[in-house]
Amino acid sequence: MPQYKHEPEYLHGAEASEQARLEAMVKILGGAEFLPPLRPGMRILEVGCGTGTIAREVAERIAPGQIIGVDQQEAQLQTAGRIAARRGIGNVSFRRGDAAGLEFPDAEFDGAYCRFLLEHVADPVGIVREMARVVRPGGWVCAFEWENGCSVIYPDSPAVAKVWQALYDLQVAMGGDAVIARKLYGILTQAGLRQVQAEGRAWSITANDKEKLRVYVDGAREIIRQGRDRLLSERRVTEELLKQADDEYQQLLESPVTFVMEGHACATGIKVV
Ligand SMILES: C[S@@+](CC[C@H](N)C(=O)[O-])C[C@H]1O[C@@H](n2cnc3c(N)ncnc32)[C@H](O)[C@@H]1O
């Protein structure tokens with residue numbers, strides 16, 4: 001198996017199917033609810049904004065304030081800008097940038113947040129510290145991640161479990177961290193934030209909620225598709241295992257007794273001088 005020693009390569013890419021996954025995710029995860037209170041006139045930063053799903057909602061809540069979304073992938077920024085323009089949201093803007101070195105002066109924002117970013121970076125503490133740098137004293141930094149330890153799927157789906165373990169191992173080999181959600185309290189504390197609060201939440205989808213179940217299964221299948229070539233070439237999975245996992249996902253969609261439970265964690269801290 002190859003050793004990935006460089007900066008983490010971003011696993012999900014920015015194809016149209018990945019962008020559709022991010023946009024659909026709001027149906028099961030919600031949008032900006034995890035953030036501290038937002039008020040009109042605030043100036044907010046999202047790091048790793050993707051297609052701007054959350055940034056658009058923040059923009060509406062803080063108008064006439066401004067939100068800037070930063071992402072390293074041009075394709076995400078173009079889609080984010082297009083969707084916001086189509087919806088007539090004028091107080092959000094998107095810029096290319098690297099979370100590790102934000103091109104903003106100190107104390108520029110009232111708050112900065114990231115969702116599903118820290119799992120992909122080499123130095124999460126350094127990135128939270130960088131987010132804190134651009135927040136004013138008294139402002140907040142907030143991070144949200146998926147807690148992979150909370151995953152329960154019924155009817156039992158052993159192939160799905162094996163494929164996801166292989167994906168987590170791949171993510172770690174690539175320099176990321178598949179179990180970062182449980183570390184957020186420590187990460188924000190180590191980054192020098194104060195009054196850090198972290199909360200974990202589990203949520204579930206049942207057989208009767210066909211729309212959410214479809215979003216969940218489509219999203220999972222998309223991530224497996226993104227990792228497929230690497231998983232196979234590095235012999236982390238076999239074609240047969242992938243096929244079994246896909247069949248199990250189909251069973252989840254069709255079974256009258258399906259129950260899926262997942263979880264996330266969110267941490268917020270305050271910047272002091
Ligand atoms: C899984 S997406 C999440 C997007 C959005 N936060 C959401 O919740 O819908 C993660 C995003 O972080 C971006 N990203 C990853 N590493 C980054 C880095 N070092 N600097 C800036 N953006 C980064 C990726 O390009 C991707 O668009």
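Which residue in E3 does Asp71 stand opposite?

A: Asp71 stands opposite Arg96 in E3. A quick note before going on: residues are numbered from 1 along each chain as its sequence is written. The model is predicted, so local features need pLDDT of at least 70, side-chain atom pairs count only at pLDDT 80 or more, and totals for chains, interfaces and linings use all residues.

E2 and E3 pair in the parallel sense over five bridges (strands pair if DSSP finds at least two bridges between them; strands are DSSP runs of E with at least two residues, helices runs of H or I with at least four, numbered from the N terminus). Zooming out, they belong to an open, mixed sheet of seven strands, ordered E3-E2-E1-E4-E5-E7-E6. Its edges are E3 (92–96) and E6 (194–206), each pairing on one side only.

Helix H2 packs on this sheet and touches E1 (43–47), E2, E3 and E4 (109–115), with its direction at about 165° to that of E2 (axes are lines fitted to C-alpha atoms, for helices over the stretch in contact, and angles run from 0 to 180 degrees between N-to-C directions).

Back in E3, there's Phe94. Phe94 counts as buried because it has 25 C-beta neighbours inside 10 Å (buried takes 20 or more other C-beta atoms within 10 Å, exposed 12 or fewer, partly exposed in between, with C-beta atoms placed from the backbone). Setting aside neighbours within four places in sequence, Phe94 has contacts including Asp71, Gly69 and Leu77 (contact: C-beta atoms, placed from the backbone, within 7 Å).

Technical notes:
Contact = placed C-beta atoms within 7 Å.
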